[in-house]
Amino acid sequence: MKLKNYIGGQWVEPENGQYESDIDPANGEVVAEVPRSSVKDAERAIAAAAEAYKEWRKVPAPKRGEILFTVGQILKERKHELAQKMTREMGKVYTEAAGDVQEGIDMAFYMAGEGRRSFGYTTPSELPDKFAMATRDSIGVAGIITPWNFPMAIPTWKIFPALVAGNTVVFKPASETPMLAYELVKILEEAGVPAGVVNLVFGDGPVVGETLLTDPRVNLISFTGSNATGRHVAKVAGEGLKRVSLELGGKNAVIVMDDANLDLAVDGILWSAFGTTGQRCTACSRIIVHEGIYDQLRDRLLERMAKLRLGHGLEGQTDVGPLINEKAVQKVHSYVEIGQQEGAKLNVGGRPASDAGLANGHFYLPTLFTEVTPDMRIATEEIFGPVLSMIRVKSLEEAIEINNRVTYGLSSSIFSQDVNRVFQAIRDLATGIVYINAGTTGAEIHLPFGGTRGTGNGHREAGTAALDFFSEWKAVYVDFSGKLQRAQIDA
Ligand code: UN1
């Protein structure tokens, strides 16, 4: 199948005629051919979005919301088919792919409702016979740049609030997951999004993404990806005074106290460390464990890790799918080598999987390091793979301090049954998301999503926080006194 760009309501070939292959990471099969678009394609899409903005901003927000409601209905009908395609294109196991589509469905219905809310406020004026209110205004053209690890959820977190708030969109999805982006935009078209309101341009970051960052007709950039690229995005888009939202990953920790329910902790750790093969921004890659239960927890984890089955995500018995590509395998493996050089103890895993049946895919064995100290690179840098590091502590205070020491601040979790410890952790864990007695993944779409410090630049996605990013405030003063009233002077 040959995918096309979607510009100004037309499905079009890239002007340079260049394509590349979209590959199934579990077996190397080609899923689709994808445009490698040029700057010209990106500029045409931006022009179409700027033109369409003139009308879209005036469409009543409840009407914009109704279109999103239809999008939600179609996503729901096609959930199974979309999830299957996602597994083939990206590797995550089918049930997780279905969850990824479900996030898109949830976001569609949630943002559809925001069309009838998007509340501003009224407030008394300091002057008589004068009315004051604050309303949310649209901004313009949003450049949406998304990663491959949540091929449906993350684009919907960005595109749906952008649209309901009255902005138009140029969408540049990750090169690794074009098929799901294509399916999403086809659904937006089918649901009645007018021509030019959403445009899709496939291609490389340095070409298509860069054009979005530099073109003055783009007002907003919403980006999820690596910390290094995020800094580049902030710099280049900041130069043009664009509003920029960045979500740049994590080094998320689970804290396990000596009073924890250990069965539950083991379940939570395995799910958040090895689900999606560790390729979530929210994935758990550190466990900070009280010395009283350290050995016991390690043994239980090892026992359960030995049972994890690797395979194609469409095979029902698979627990852990492949990494996204060969480069990811090399990166993960280089961290395993670093961990060994640093003196951490490799307990299990630590190499690409070599079983028959996995040879053509990018599989890596779930890996556990123990005797990890808090400042080792494996304990501070984002690995984005199935590698878990176990750190020993003597107290909750020490655990929290270690959690907060890294540059990332997305998600954290604590397993404890002591209400005092739990509330201390809620107060002191310096991350944007905190879980109690659950792993570090599983954010719901109606709460703010994002993190502190190196995880981003202070914005939040999802929830009503998404509208704060995709709209700006307009303060309106209506004077019905019939005379000149001077604020601060006549009051
Ligand atoms: C991501 O990894 O970038 O909380 C998104 C979670 C999912 C979203 C993760 N709902 O793990």
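Mentor: Leaving out neighbours within four places in sequence, F160 is in contact with L68, V71, L75, G104, M107, A108, M111, P155, L184 and L188; contact here means heavy atoms within 4.5 Å. The model is a predicted one, in which local features need pLDDT of at least 70 and side-chain atom pairs count only at pLDDT 80 or more, while totals for chains, interfaces and linings use all residues. Residues are numbered from 1 along each chain as its sequence is written, and side-chain values use heavy atoms, with hydrogens and water left out.

F160 belongs to the largest nonpolar core, which has 66 residues; F160 is among the members that touch the most others, together with M111, I159, L163, F171, L188 and V198. A nonpolar core is a set of buried Ala, Val, Leu, Ile, Met, Phe, Trp, Tyr and Cys residues joined through side-chain atoms within 4.5 Å. Buried means under 20% relative accessible area, exposed over 50%, and partly exposed in between, with a 1.4 Å probe and protein chains only. Helix α4 (residues 94-114) gives the most to this core, 9 residues; helices are DSSP runs of H or I with at least four residues, strands are runs of E with at least two, and both are numbered from the N terminus. At least three residues of the core come from each of domain 1 (5-248 + 456-476) and domain 2 (252-436), with bounds taken from an automatic or database domain assignment. A second, separate core has 34 residues, including W148, L323, M376 and L396.

Helix α2 (residues 61-77) contains P62. P62 counts as partly exposed because its relative accessibility is 26%. Not counting residues up to four places away in sequence, P62 touches G115 and R116. From P62 to S118 the C-alpha to C-alpha distance is 9.5 Å, across 56 residues of sequence.

Next, the sheet. Three strands form an open sheet in the order β5-β6-β21, with antiparallel pairing; two strands pair if DSSP finds at least two bridges between them. β5 (121-124) and β21 (472-479) are at the edges with a single partner strand each, so one side of each has no neighbour in the sheet. β5 pairs with β6 (residues 130-137) over 4 bridges, and P124 stands opposite F131 in β6.

Last, the cysteines. The whole structure has 0 disulfides, a disulfide being a pair of cysteine sulfur atoms within 2.5 Å. C281 is buried at 9% relative accessible area, and the sulfur of C281 is the nearest cysteine sulfur to C284, 14 Å away. C284 is buried as well, at 2%.
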